[in-house]
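Student: Could we go through this two-chain entry together, with the criteria behind each term spelled out as we go?

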Amino acid sequence: MNSTLANARSSSRTTRPVANVQESSNGDATPIVNVEDVYKAFGQQHVLNGVSLTVNPGETRAVLGRSGTGKSVLLRLIVGLQEPDSGTVKVFGENTTGLSLDQLAPIRKKMGFLFQHAALYDSLNVAENVAFPLRHHRADMARSEQNDRVRQVLYEVGMENQSAKMPADLSGGMQKRTGLARALVLDPELLLLDEPTAGLDPMGSAEINELVLKLQKEHHMAFIVVTHDMHSARTIANRLTLLNKGCVVIDGSFEELQDSSIEFVREFLKHS
Amino acid sequence: MPILTPLGELVNDFFEWFGSLGIFAWNIARSACTPPFEGRELVRQLDEIGSKSLPLVALAGSAIGVVLAMQARQSLTQFGAKSLFPSAIVYSVVQEMGPIITGLVVSGRVGAGIGAELASMKVSEQIDALEVSAVSPYRFLAAPRILACVLMMPLLTVAADFCALLMGWFANALVEPMSLHRFMESGFNGATLSTFLPPTFKTAVFGLIVGLISCFQGMTTTGGAEGVGRAATKSVVLASLFVILADVVLVKFILVVFPI
């Protein structure tokens, strides 16, 4: 067990092919996520108005914007919890619109999702929460292997000593770490993080940022991070998308945002 | 025409609710019939819904038995038909009182429990978390609960019937001593299996109603704590109402198919 734990931080998990990362930086790779001209409204409230974005393998994209501008809705469309009114959402090359739960399942197994409030199962303890996806999707693994895997991811997020605690007994930061461990346990290729630093103190935010950076470095997975925390976005993302009133205002690196002459971008940066 | 708008909305809401319930039921039926099957969750729900409802159902059955014995004894004595007392108790308990009391007690206890639990999971995004983990909430949450309700309801009815008959005999024996053996022999005189089985198994339909409605209310609720409270209340009210309505239809159906 000790050796398992010792190997955990040095990434014993499957790593994405390095070629993908290189392709990503050249912009030639097939995107993992391709959102095209998506519209979404709830009654009279138009939340997304023709949003398009792509995420390449190994890329970390931050989606920024004011509250209520459609950032979380965009994530929910990508993961298939909601469907667009028009436009297409392709994940791993497959159009997810109109797919049933069973048809979405193989795509979702390659994704991890950290909810804003972690959404831990409150009747299960930390270890059981993390083990939940394994118990359902890795019946081929022996129970002892599953338990080792759970210990490994809990160690990666620094929760190895809290495995018997119930979610109600955890702080906000610990809940997010546990949620992150649960999202990581199936070794996803794409990780979606909804406001990972919201509600955390500066130390807690920094810890989550460091954790994401470590995961990028060790596992080379793609990330989409929804946040309104500019510091966090700048720390972890290599591309940023700024939304306003359901539209993409700018899409580029942090430097491109800084150099932008668009009034809203300048205002947003000024108040961040 | 201002009265037509609220009325139209009411009719629209009524059909929309039934339509959504139908789609929900179809999704559950489809999920429940395809693997993987959630056997462990089903066993957990059988315990949660069956074993843990047993004391309440037994208590309600006992109370009904005592009350029925006191009322029936007085009425039958008044009309000079005291000798029919055991049969009156047995038939009224087994054919109607036991099933309906079990249905209503389980509607209250289990309906509120399922409605509140699933609604709480819904508003805290735990059901969404299940979905994004590629686990069907219909298969994992709803199907085992509904199936457990369907399977446990007839067994709970048998328990309620047993307690009601036992306490009915006991309440009568305090006033006019009669052996349990004589009471049962006299009460079950002329009874056949079709006297007991259809009323007992009709409660499986009550179980389906309680499970389906409470899962639907819980999993489709919106809002925070208020939404959870609303889902629990609606689960109990609608489940009880539909159990009573279903009872009317089922009693007529049983009388037609299994005439006495």
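This is a predicted model: local features need pLDDT of at least 70, side-chain atom pairs count only at pLDDT 80 or more; totals for chains, interfaces and linings use all residues.

Tutor: Residues are numbered from 1 along each chain as its sequence is written, and chains are lettered from A and ligands numbered from 1 in the order in which they are written.

Student: How many helices and strands are there in chain B?

Tutor: Helices (H or I, at least four residues) and strands (E, at least two) are taken as DSSP runs, numbered from the N terminus. Chain A has eleven helices and ten strands, whereas chain B, read along its sequence, follows the pattern α-α-α-α-α-α-α-α-α-α. For chain B the count is therefore ten helices and zero strands.

Student: What is the order of the open sheet of four strands in chain A, and which strands stand at its edges?

Tutor: Two strands are taken to pair if DSSP finds at least two bridges between them; strand 4 (residues 86-91) and strand 5 of chain A do so in the antiparallel sense over two bridges, with Val91(A) opposite Glu94(A). The order of the open sheet is 2-1-4-5, with antiparallel pairing. Each edge strand has a single partner, so one side of each is left without a neighbour in the sheet, and these edge strands of chain A are strand 2 (45-55) and strand 5 (94-95).

Student: Is strand 8 of chain A largely enclosed or open, and which residues cover its two faces?

Tutor: A residue counts as buried if 20 or more other C-beta atoms lie within 10 Å of its own, as exposed if 12 or fewer do, and as partly exposed in between, with C-beta atoms placed from the backbone. Five of the five residues of strand 8 (residues 222-226) of chain A are buried, so the strand is largely enclosed by the rest of the structure. The buried residues are Ala222(A), Ile224(A) and Val226(A) on one side, and on the other Phe223(A) and Val225(A).

Student: Over how many bridges does strand 7 of chain A pair with strand 8 of chain A?

Tutor: Strand 3 (residues 60-65) of chain A pairs with strand 8 in the parallel sense over four bridges, and Val63(A) stands opposite Val226(A). Strand 7 (residues 190-194) of chain A also pairs with strand 8 in the parallel sense, and the number of bridges there is five.

Student: Which residues have the most contacts inside the largest nonpolar core?

Tutor: A nonpolar core is a set of buried Ala, Val, Leu, Ile, Met, Phe, Trp, Tyr and Cys residues joined through C-beta atoms within 7 Å, and the largest has 138 residues. Helix 6 (residues 137-175) of chain B gives the most to this core, with 20 residues. Contact here means that the C-beta atoms of two residues, placed from the backbone, lie within 7 Å. The residues with the most contacts inside the core are Ile78(A) and Leu192(A).

Student: Which helix of chain A gives the most to the side that touches chain B?

Tutor: The contact takes 15 residues from chain A and eleven residues from chain B. On the chain A side, helix 4 (101-108) and helix 5 (126-137) each supply at least two residues. The largest contribution, four residues, comes from helix 5 of chain A.
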